[in-house]
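I opened my notebook to look up a few things in this structure. Come and read along with me.

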Amino acid sequence: MQAWQVHENGEPSEVMRLGDAEPPVPGDGRILLRVRAANINFPDALLCRGQYQVRPPLPFTPGVEICGETEDGRRVVANPALPHGGFAEYAVADAASVLPAPEALDDAEAAALHIGYQTGWFGLHRRARLEAGETLLVHAAAGGVGSAAVQLGKAAGARVIGVVGGADKAAVARGLGCDTVVDRLAEDVVGAVKEATGGRGADVVYDPVGGAAYTQSAKTVAFEGRIVVVGFAGGSIPSPALNHALVKNYAILGLHWGLYNTKDPELVRHCHERLTELAARGAIKPLVSERVPLSGAAAAVQRVADGVTTGRVTVIPGLTEGGAA
């Protein structure tokens, strides 16, 4: 089979190498899946750099989220078991964790449904307890993680403010349904959010960026608001002033979605059922901005790492260079 492998840590475009490899042999409790589509996530870039919390042995194949096909022809969504990740023609996954792919979504959309939307669901509903009528502020609203949160927030009946970087991303955020869009490159984020909320601020802030975005979160969160810390795509991990949380009465909530797979996997299945229902009625639909062939995976992972993409970029092993499947 064809597979991308990382033999040394570094930037994805420099260390990912495409070549022939033996199909992985699943061990006890695991199954072999033919990869129909592999969604690119920011952790794939961190894996290449050796900066992710999980460090598989070298060499490994990145790709942590796929739509795959079982040997008996079932279409499923799965998180491949590293080192046999999804940027290959075949991957391995834990049999107990695979989930049925929603019929309402094609392969690329199904591959992009799992991590980002599960993270959004757990962050907004399990951790922040978002309620209809509340205001939700989403950083990086046009990105893969942010776009999922925007759609889930709208589906929950919230008013959504999206923060983006650039006019093109602002247009994407409006298309996703944001009620207000703030271009951080052209506007003062804090001032714009306060103006949009009549000075009250956002009830829930969804922050996958960290750094300066977190500073803005603390300044724009409402009384008894909740800041959900999802990740640090901006590259720097903030050190929050807890006295500020005390005097302003807001909560800082951490979310590591992967823990639910081991701590309470039934919650993950319940969430998938809800996401499938939302997809069936058209309330959510992953924004797949690019579908690239397997040969283009390394360059695509680098674009995601550089923050120049919108929505989701998905690798389709059966896609040719010309775009035909």
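**Notes on the sheet and its helices**

I began with a pair of residues: H139 stands opposite V163 in β9. Before going on, I wrote down that this is a predicted model, where local features need pLDDT of at least 70, side-chain atom pairs count only at pLDDT 80 or more, and totals for chains, interfaces and linings use all residues. Residues are numbered from 1 along each chain as its sequence is written, and side-chain values use heavy atoms, with hydrogens and water left out.

I then looked up the strands around that pair. Strand β8 (residues 135–139) and strand β9 (residues 159–164) pair in the parallel sense over five bridges. For me, strands are DSSP runs of E with at least two residues, helices are runs of H or I with at least four, and both are numbered from the N terminus. Two strands pair if DSSP finds at least two bridges between them.

Which strands form the open sheet, and in what order? I found six, in the order β10-β9-β8-β11-β12-β13, with parallel pairing. At the edges are β10 (180–183) and β13 (251–254), each pairing on one side only. Neighbouring strands are turned by 20° against each other on average, direction ignored. Axes here are lines fitted to C-alpha atoms, for helices over the stretch in contact, and angles run from 0 to 180 degrees between N-to-C directions.

Next I checked what lies on the sheet. Helix α5 lies across β8, β9 and β11, running at about 170° to β8. How many residues of α5 are buried? I noted nine of its 12, where buried means under 20% relative accessible area, exposed over 50% and partly exposed in between (1.4 Å probe, protein chains only). Among the buried ones are A148, V150 and L152. I also checked the length of α5 (residues 144–155): at 1.5 Å a residue it should span 16 Å, and its end C-alpha atoms are 17 Å apart, which agrees. The expected span is 1.5 Å times one less than the number of residues. After α5 comes G157, whose phi is positive, near 90°.

Last, I visited a loop. V25 sits between β2 (16–20) and β3 (30–39). Is V25 buried or exposed? I found V25 exposed, with a relative accessible area of 72%. The C-alpha atoms of V25 and Y90 are separated by 10.0 Å, though the two residues are 65 apart along the chain.

Technical notes: Contact means heavy atoms within 4.5 Å.
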